[in-house]
Amino acid sequence: MRFPAQYPAGKRRDDHHDLAGRLPRRVPPRPPRCHRGGGVLDLACGSAPLWPALRGRPYVGVDTSPAELALARDRGAGPLLLSDAAALPLATGSVDTVVCAMALQIMTPLPGVLAEAGRVLPPGGRLVALVPDRGPLRGADPLWLAGLLAALGRTIGYPNDTALRRPLPRLLDAAGLRLADDRRCRFVYRTAGPADADLFLSSLYLPGLPVRRLRAARRWLRTVARVHAGLPVPLRRITAVRR
Ligand SMILES: C[S@@+](CC[C@H](N)C(=O)[O-])C[C@H]1O[C@@H](n2cnc3c(N)ncnc32)[C@H](O)[C@@H]1O
């Protein structure tokens, strides 16, 4: 995902892209089937940053943002479907793996999204999701993050934060999924220039962030880059298996 050069307050990033003729507006009447045998569904694929790592495997990307799908297409990823994760245009048991990077925290209703992920997997198929988390942090991490929040003028929170903090097995169970692994890890993001800073800020998924806040956050990231090794990024990886 990336910011456009300008990011006017109150506008969604989608507003910036002229998509006329670039993507199907609707899901095709016969959605492509991602055949078993290593097939991967990239759920909420965005601009498909996972695509290079998945190349060589049958792939299908799904997202509700035409702008993000246009970027994914420019990257060479495909097929791509403009569709809601809570109503997937894919056959039952049609993919071996569902990957979902940095999106499970925002997609609602979460039970419906998980139910669909479970439906398109066959027994034994896997859902692997990466979501932001509050920890682990260490040392001065909280200070660097507090500076970022001050620059953004807001906290960073997502619709499914509360649900994801509750014990997961029951939530997954309702979707026919069994929790196989749940782990957290602290990464460090180093910004070498404005492009890196924008990439980091776009990954926070804060649509409508005012331009002055975006600039303040960029300044903060520059400061961090000057005096510190990088920003802490605590992530959680959830792996579930279809029953
Ligand atoms: C933070 S981005 C992550 C994108 C990509 N997976 C990545 O790692 O860069 C979240 C994505 O979720 C998509 N999204 C939000 N709600 C969705 C929904 N209900 N169904 C499908 N995609 C959705 C957004 O359009 C956006 O591209």
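Predicted model: local features only at pLDDT ≥ 70, side-chain atom pairs only at ≥ 80, totals over all residues.
Let's start with helices. Two packed helices are described by the angle between their axes and the distance between the axes. So keep those two numbers in mind.

Take helix α4, residues 141-152. It has 12 residues and spans 17 Å from first C-alpha to last, close to the 16 Å you'd expect at 1.5 Å a residue.

Now, how do α4 and α8 run relative to each other, parallel or antiparallel? Their axes come within 7 Å and cross at roughly 155°. Angles over 145 degrees count as roughly antiparallel, so that's what α4 is to α8. The crossing is right-handed. If you want to find the contact on screen, look for W144, G147, L148, A151 and L152 in α4, which meet R213, A216, A217, R219, W220 and V224 in α8. By class, that contact has 8 nonpolar, 1 polar and 2 charged residues.

Helix α8, residues 211-227, also packs with α7, residues 194-203. Here the angle is about 120° and the axes are 10 Å apart, which makes α7 oblique to α8. This crossing is right-handed too. On the α7 side you have P194, A197, F200 and L201, and on the α8 side L214, A217, R218 and L221. That contact comes out as 7 nonpolar, no polar and 1 charged residues.

Most residues other than glycine have a negative phi, and most peptide bonds are trans. So where are the cis bonds here? One joins G78 and P79, with omega about 0°, and P79 sits in the loop between α2 and β3. Another runs from T108 to P109, with omega near -10°. P109 is in the loop between β4 and α3, and that loop also holds M102. M102 isn't a glycine, yet its phi is positive, near 60°.

Last stop, the ligand. Which residues come nearest to it? Of the 19 around it, those are A44, G46, S65, A85 and A101. As a whole, the shell divides into 13 nonpolar, 3 polar and 3 charged residues.

Note on methods:
Residues numbered from 1 in each chain as written. Helix = DSSP H or I, 4+ residues; strand = E, 2+ residues; numbered from the N terminus. Expected span 1.5 Å × (residues − 1). Near = placed C-beta within 6 Å. Nonpolar A, V, L, I, M, F, W, Y, C, P; charged D, E, K, R; others polar. Axes fitted to C-alpha atoms, helices over the stretch in contact; angles between N-to-C directions. Parallel < 35°, antiparallel > 145°, perpendicular 65-115°, else oblique. Left-handed = near helix turned anticlockwise from the far one by under 90°. Contact = placed C-beta atoms within 7 Å.
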